[in-house]
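Some notes on the model follow, in numbered points. They take up the sheets and then the site of a ligand.

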Amino acid sequence: MSTTSIRKTPLLQVRDLAVTYAGGAQAVRGVDLEVDAGQKLGIAGESGCGKSTLALALLRLLPVGTKVTGEILLNGEDVLTMKWGQVRAVRWAGASIVFQGAMHSLNAVHRIGDQIAEPIVLHSKASQATARKRAGELLEQVGLPAARVDAYPHELSGGQRQRVMIAMALACDPGLIIADEPTTALDVMIQAQILRLIEQLVSEQDLGLIMISHDLAVLSDTCDRLAVMYAGRVVEHGPASEVYENATHPYSKALSGAFPRIGDPASRFAPRGLPGDPPDPSALPAGCTFHPRCPVALDSCATQDQELRDAGPGRRAACVLVGPQGVAAPVLPGAEEARSTT
Ligand SMILES: Nc1ncnc2c1ncn2[C@@H]1O[C@H](COP(=O)(O)OP(=O)(O)OP(=O)(O)O)[C@@H](O)[C@H]1O
Ligand code: SF4
Ligand SMILES: [Mg+2]
């Protein structure tokens, strides 16, 4: 075998992941993803499309009774078949999650230094004093003075608390950070600072990053690649700026058109919002699950499901109108032309 054909094991490989909650909600369906060290993958989609479920599944944090199938290979080892002891080790030292609401994730009655030190003591068996010292260093890494180890969460601003969450996520030197809407509750200036901080830490430490947001603009600015989810599935996947600037799937197109762009005043006044809501994951429509809302649906879309297919170099999309050359026919507007050419 030639050396060029040997490929390093990816940091994270998700294969055919499906999650069904106890009540029957199919929140994630057949998702494949890959993240290498140093790569930043964005996951976008409207509320309820399965982003957080996917993130929680990666570290087996879903409620008891949830059915999870497929493979989640972290450094080549399947998280879904690991023993609990191994899962606990992986949760901080292999991958860690930064959630949206820092105030809810931090314990209000413990000093932040102790909260950052706790996983360090648990995972590396370091002494309390060593772990507290490391907590101070981590605070400095995220732009806070080490002396703030003695602060309680209520003594910090929202942006500072989110920095503490990032410090906690880094505490046990994980290879992968999963950031689930890490800046949604913050104002625009603080949001930008936190995003820059995450980007900087990820590239300095050669980490993998999965960043979840409903905001394609934020993701295209921060990430290398972008996966757009709808009704539990990835419907488009490709280089972040291309998916944002030139989406091929009608859903990604609508999603990217729904946000104003800096430097494009027209987009502020004509956002292409979508009518209706994503489907109930307990009662998904037949065919392409996007067809009830799709402005260019063909008659066949009501019955024919769509798998991800080649949509150009490095790109994939799950739409009958998309081929290797990108969109096969005009998509928005122009439904009638699309119908007559397929
Ligand atoms: N514990 C649960 N039990 C049953 N259904 C759930 C549970 N958690 C989430 N769901 C359902 O699964 C679907 C996906 O939810 P999820 O939280 O993953 O969406 P999301 O894309 O993260 O949305 P948001 O942008 O609002 O955070 C939703 O329909 C939700 O109601
Ligand atoms: S497959 Fe049909 S309904 Fe689904 S996105 Fe494409 S055109 Fe729209
Ligand atoms: Mg969520």
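1. Strand 1 (residues 12–20) and strand 2 run antiparallel and are joined by six bridges. Leu 12 has Val 35 of strand 2 as its bridge partner. Strands here are DSSP runs (E, at least two residues), as are helices (H or I, at least four), numbered from the N terminus; two strands pair if DSSP finds at least two bridges between them.

2. This is a predicted model, in which local features need pLDDT of at least 70 and side-chain atom pairs count only at pLDDT 80 or more, while totals for chains, interfaces and linings use all residues. Residues are numbered from 1 along each chain as its sequence is written, chains are lettered from A and ligands numbered from 1 in the order in which they are written, and side-chain values use heavy atoms, with hydrogens and water left out.

3. The open sheet that holds these strands has four, in the order 2-1-4-5, with antiparallel pairing. Strand 2 (26–35) and strand 5 (77–78) are at the edges with a single partner strand each, so one side of each has no neighbour in the sheet. Helix 1 (residues 51–58) packs on this sheet, touching strand 1, strand 2 and strand 4 (67–74), and its direction makes about 115° with that of strand 1. Contact means heavy atoms within 4.5 Å; axes are lines fitted to C-alpha atoms, for helices over the stretch in contact, with angles from 0 to 180 degrees between N-to-C directions.

4. A further open sheet has eight strands in the order 6-7-8-3-9-10-12-11, and its pairing is mixed. Its edges are strand 6 (95–98) and strand 11 (309–310), each with a single partner strand, so each has one side without a neighbour in the sheet. Strand 9 (residues 225–230) pairs with strand 10 (residues 233–239) in the antiparallel sense over six bridges, and Tyr 230 stands opposite Arg 233.

5. Helix 6 (residues 158–170) lies across strand 6 and strand 7 (176–180), at about 170° to strand 6. Helix 7 (residues 188–204) lies across strand 3 (40–44) and strand 8 (208–213), at about 160° to strand 8.

6. Around ligand 2 there are 13 residues, of which Cys 288, Cys 294, Cys 301, Cys 319 and Val 320 come nearest; a residue is near if one of its heavy atoms lies within 4 Å.
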